[in-house]
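Trainee: I have a new structure open and I'd like to learn how to read it. Could you take me through it step by step?

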Amino acid sequence: MAHGRQARARDRAVALDDLRADLAFVGSGGIAPYGLTDFHPDEGATERVVLTNASHRCVPADSSRFGRTAAHRVCALDGFPTLITDTPFPAELHTALSRAGTDVVTA
């Protein structure tokens, strides 16, 4: 039996499963060649549903997220077509994003 935050998060993920967004911005705990990750499994599940159901998917990530891997994987790098960031990123991540076909916008 789940309670509190976990139950609400599961309800949120189920409710969002029927939502279709034109554009979704999804943050994360980390972004590395392994993929997009989060520290909390319930938030990762919600992010995964939102990314799956949106027509256009963007991940905003400042440089503090680069090369950082949180415990729970949200998706592979090909799970979102656009990364919006504030600064150039490490070569290893650049190579992985290029292979995934992810467009990078530096703002």
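Mentor: Helices (H or I, at least four residues) and strands (E, at least two) are themselves DSSP runs, numbered from the N terminus. Here, strand β3 (residues 35-38) and β5 run antiparallel and are joined by 3 bridges. Within that pairing, threonine 37 stands opposite arginine 73 in β5.

Trainee: Before we go on, what kind of model is this?

Mentor: This is a predicted model, where local features need pLDDT of at least 70 and side-chain atom pairs count only at pLDDT 80 or more, while totals for chains, interfaces and linings use all residues. Residues are numbered from 1 along each chain as its sequence is written, and side-chain values use heavy atoms, with hydrogens and water left out.

Trainee: How many helices and strands does the chain have?

Mentor: The chain has 3 helices and 7 strands. Starting at the N terminus, the elements go α-β-β-β-α-β-β-β-α-β.

Trainee: And how do strands hold on to each other in a sheet?

Mentor: In general, they pair through backbone hydrogen bonds, either parallel or antiparallel.

Trainee: What is the strand order in the open sheet of 4 strands?

Mentor: That order is β1-β4-β6-β7, with parallel pairing. β1 (23-25) and β7 (103-106) are at the edges with a single partner strand each, so one side of each has no neighbour in the sheet. On average, neighbouring strands of this sheet are turned by 25 degrees against each other, direction ignored. β1 and β4 pair in the parallel sense over 3 bridges, and alanine 24 stands opposite arginine 57 in β4.

Trainee: How do I read a pair of aromatic rings?

Mentor: Rings of Phe, Tyr and Trp (its six-membered ring) pair if their centres lie within 6.5 Å; planes under 30 degrees apart count as stacked, over 60 as edge-to-face and the rest as tilted. By this rule there is 1 aromatic pair. The rings of phenylalanine 66 and phenylalanine 89 have centres 5.6 Å apart and planes at 75 degrees, so this pair is edge-to-face. Phenylalanine 66 lies in the loop between β4 (56-60) and β5 (72-75), and phenylalanine 89 in the loop between β6 (82-85) and α3 (91-100), so the pair ties together parts 23 residues apart in sequence.

Trainee: Is phenylalanine 66 buried or exposed?

Mentor: Buried means under 20% relative accessible area, exposed over 50%, and partly exposed in between (1.4 Å probe, protein chains only). Phenylalanine 66, at 12% relative accessibility, counts as buried, and so does phenylalanine 89 at 16%. Over the chain of 107 residues, 36% are buried.

Trainee: How many disulfides are there?

Mentor: A disulfide is a pair of cysteine sulfur atoms within 2.5 Å, and the count comes to 0. Cysteine 58 is buried at 10% relative accessibility, and cysteine 75 is buried at 14%.

Definitions and conventions
Pairing = 2+ DSSP bridges. Axes fitted to C-alpha atoms, helices over the stretch in contact; angles between N-to-C directions.
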